Amino acid sequence: MSKPLSLLFAVVAVLLMSATAISMSYNAWLALLFAILTLFSIGAGFIVKARLRRLKQQNN
């Protein structure tokens, strides 16, 4: 995975984690939503990384 793409996934995950932490004091359902979005974002990063690695192996 390229460095800018890795940075994008990391920044998005940190922002979602921050939103989860902040929303915990306001609304539990909103915090749950942000927590789920955070997990999906982290999972999407792993999926993209695996697919790019698999594509790179097929081309070599």
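Is the crossing of H1 and H2 left-handed or right-handed? Keep that in mind as you go.

This is a predicted model, where local features need pLDDT of at least 70, side-chain atom pairs count only at pLDDT 80 or more, and totals for chains, interfaces and linings use all residues. Residues are numbered from 1 along each chain as its sequence is written, and side-chain values use heavy atoms, leaving out hydrogens and water.

**Stop 1: Met-1.** Select Met-1, in the segment before H1. Helices here are DSSP runs (H or I, at least four residues), numbered from the N terminus. Met-1 is partly exposed at 37% relative accessible area (buried is under 20%, exposed over 50%, partly exposed in between, with a 1.4 Å probe and protein chains only). Now show its contacts (heavy atoms within 4.5 Å). Leaving aside residues up to four places away in sequence, Met-1 touches Ser-6, Phe-9, Gly-45, Val-48, Lys-49 and Leu-52.

**Stop 2: Thr-20.** Move to Thr-20 in helix H1, residues 3-23. Thr-20 counts as buried because its relative accessibility is 13%.

Stop 3: Select H1 and H2 (residues 28-59); their axes come within 8 Å and cross at roughly 165°. Axes are lines fitted to C-alpha atoms, for helices over the stretch in contact, with angles from 0 to 180 degrees between N-to-C directions. So H1 is roughly antiparallel to H2 (the angle is over 145 degrees). The crossing is left-handed: the near helix is turned anticlockwise from the far one by less than a right angle.

Definitions and conventions: Helices (H or I, at least four residues) and strands (E, at least two) are DSSP runs, numbered from the N terminus. Angles under 35 degrees count as roughly parallel, over 145 as roughly antiparallel, 65 to 115 as roughly perpendicular and the rest as oblique.
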